[in-house]
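Please read through the structure below, with the sequence at hand.

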There are 2 protein chains.
Amino acid sequence: MAEEVSGGALIAIDWGTSHVRARLVDGAGTVLAESRSDDGIARLAAGAHEPAFRRLTAGWPAVPAIMAGMIGSRQGWREAAYLECPAATGALAEAVVRFGAADGRPIAIVPGVMLRSPSRDGDVIRGEETQIVGLVDGEPDFDGVAVMPGTHSKWVSIAGGVIGDFQTVMTGELFDLFAHKSFLRHSVAQDGGDLTASPDFALAVRRTVGEGLPFLTALFSVRARALIAEVKPDDNLAYLSGLIIGGEIAAAQATGRLAPGTSLRIIGARSLGRAYAEALAVAGWQAPVLDGDQLALAGLIHLARAIDFLPPAFRSAS
Amino acid sequence: MAEEVSGGALIAIDWGTSHVRARLVDGAGTVLAESRSDDGIARLAAGAHEPAFRRLTAGWPAVPAIMAGMIGSRQGWREAAYLECPAATGALAEAVVRFGAADGRPIAIVPGVMLRSPSRDGDVIRGEETQIVGLVDGEPDFDGVAVMPGTHSKWVSIAGGVIGDFQTVMTGELFDLFAHKSFLRHSVAQDGGDLTASPDFALAVRRTVGEGLPFLTALFSVRARALIAEVKPDDNLAYLSGLIIGGEIAAAQATGRLAPGTSLRIIGARSLGRAYAEALAVAGWQAPVLDGDQLALAGLIHLARAIDFLPPAFRSAS
């Protein structure tokens, strides 16, 4: 066992609703091994998390494991109650839940963050807070907004290493609902390539952000374009995508989250991240795209260090 | 046959996507008989419309029939091409498509109305134009906006008997998608009673209309309320409904369709119509609710008269 441990110092896991991704890292933060599966918490009943963890890390040394994401929800392995905003990196570390697995292995779960808001009751994130820790780890002085595209996109305001507040927009889910499950499905392609390649993506962003066309007013134009203007289904899918992302940007401006001079970071390297960069560029904003997986790993390692969760080999090497 | 004809003078049909409603009326516009079925055009293949018409009017006299709605679409019995905005009542009458059924019976189909718009390409209505004709028949001097709630709600600007332009909002469909097919379904009741009875309906309208909370910003609060504020599913369904209708009202204000002093009529007596009246009242607008079925009938009779489509018995009595 001692020999196995010497090969790796920490297991860092991003454990979401539908997917889980584990990485075995050494003291320098180098990834020695990686493992993924579809054992997201949505398909795991109570008691099934530890076996899923063992499957995921089979053959790896029995080092401590730190994890973030929906694994800390009420339906996860062990609940890590939401930390309330404003939430500093240090407070997040203090709120990490620690316990031993059945075999005594140390496990740590990062809490999510909760916002109370008089104007909309509140909001929650779980998993993104760890990517923010990773962002702040690399840019301690960052003062601005992290735009985190996804099924449920997050716009997170950060200053001095503290999550000030944040906003969820159901971007990816709305796109899926409208493109595949609504009446608009007859007016758009059912499978899209690079949506930003169509000029209609930028057109939709200009209408929602530049011309102030309200999202609810704009939505039915997807149908009208197919019927009246005979727009091609591929272009119309790009237009629908531009309406949602553009509507989201316009909403961020209207609520003051996106103001002149605000620094932005887009977190998420997938196609949706690129689409946001393109939409923000049309709206006049420059925003670098950072790799979300990398930031999640950096955040998990940062928090593990902060709670002194590392085995001796890791500490000595770092 | 002559005896049968003397009992009724015109068949007026509102024939939509999922339902059809036929009424046999005499020369004074009195309804002598009524018939409904689920033979909306969505379930009728090419060639099936005339048999459906015969089933619907079985036992009725073989008088002329005028119809409006999706029956005039490309997937209907006979296409009645869209009339372009601005569209006067008289122009609508001129554009009515007339033909003979297989047995020679005169059939008339009212066209829909199309809008071309540089800001959103365009919009279409089909069926609502006939209710507008009915509205103008009763209030020739009406100058304002007809709010027509439904699966796809319509806001129609009218002046001098002319449809100036209009806006579709996918209200009813959005409510169904969010309440039953999105992640939010876990946070709302799956079956609602009178949604406006909950104070959370008005709360959502105040937030979207009064406080300017953008719809896309507000939507995820449905989830946050259930999670953080432990709002009851019934109240949260009412809140979701208020967000959509309130968002629609805010969009109508933002685009100038709803301005101080604008006269409003809500067309549609069902629960959705009452919800709109309530939401508009919260937003500071008074709007009487008119019966959409009655206006459709009035519109069909008005157009039948305008195109001289009535049998002699009808004309002499009117």
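This is a predicted model: local features need pLDDT of at least 70, side-chain atom pairs count only at pLDDT 80 or more; totals for chains, interfaces and linings use all residues.

Chain B holds an open sheet of 6 strands, in the order 3-2-1-4-8-7 and with mixed pairing. Which strands stand at the edges of this sheet? They are strand 3 (31-37) and strand 7 (97-100) of chain B. Each has a single partner strand, so one side of each is left without a neighbour in the sheet. On average, and with direction ignored, neighbouring strands of this sheet are turned by 20° against each other. For strand 7 of chain B, the pairing with strand 8 (residues 106-109) of chain B is antiparallel and consists of 4 bridges. Within this pairing, B:Gly100 has B:Pro106 in strand 8 of chain B as its bridge partner.

Chain A also has an open sheet of 6 strands with mixed pairing, here in the order 6-13-12-11-14-15. Its edge strands, strand 6 (87-88) and strand 15 (289-290) of chain A, each pair on one side only. Further in, strand 11 (residues 144-148) and strand 14 (residues 263-267) of chain A run parallel and are joined by 4 bridges. Here A:Ala146 stands opposite A:Arg265 of strand 14. Helix 10 (residues 271-282) of chain A packs on the sheet and touches strand 11, strand 12 (153-159), strand 14 and strand 15 of chain A. The direction of helix 10 makes about 155° with that of strand 14 of chain A.

A pair of helices in chain A comes next. Two packed helices are described by the angle between their axes and the distance between the axes. For helix 4 (residues 128-138) and helix 11 (residues 292-306) of chain A, the axes come within 7 Å and cross at roughly 85°. Angles from 65 to 115 degrees count as roughly perpendicular, and helix 4 and helix 11 of chain A are therefore roughly perpendicular to each other. On the side of helix 4 of chain A, the contact includes A:Thr130, A:Val133, A:Leu135 and A:Asp137. Helix 11 of chain A contributes residues including A:Asp293, A:Leu295, A:Ala296 and A:His302. By class, this contact has 7 nonpolar, 6 polar and 2 charged residues.

How values were computed: Residues are numbered from 1 along each chain as its sequence is written. Chains are lettered from A and ligands numbered from 1 in the order in which they are written. Side-chain values use heavy atoms; hydrogens and water are left out. Two strands pair if DSSP finds at least two bridges between them. Helices (H or I, at least four residues) and strands (E, at least two) are DSSP runs, numbered from the N terminus. Axes are lines fitted to C-alpha atoms, for helices over the stretch in contact, and angles run from 0 to 180 degrees between N-to-C directions. Angles under 35 degrees count as roughly parallel, over 145 as roughly antiparallel, 65 to 115 as roughly perpendicular and the rest as oblique. Contact means heavy atoms within 4.5 Å. Ala, Val, Leu, Ile, Met, Phe, Trp, Tyr, Cys and Pro count as nonpolar, Asp, Glu, Lys and Arg as charged, and the others, Gly among them, as polar.
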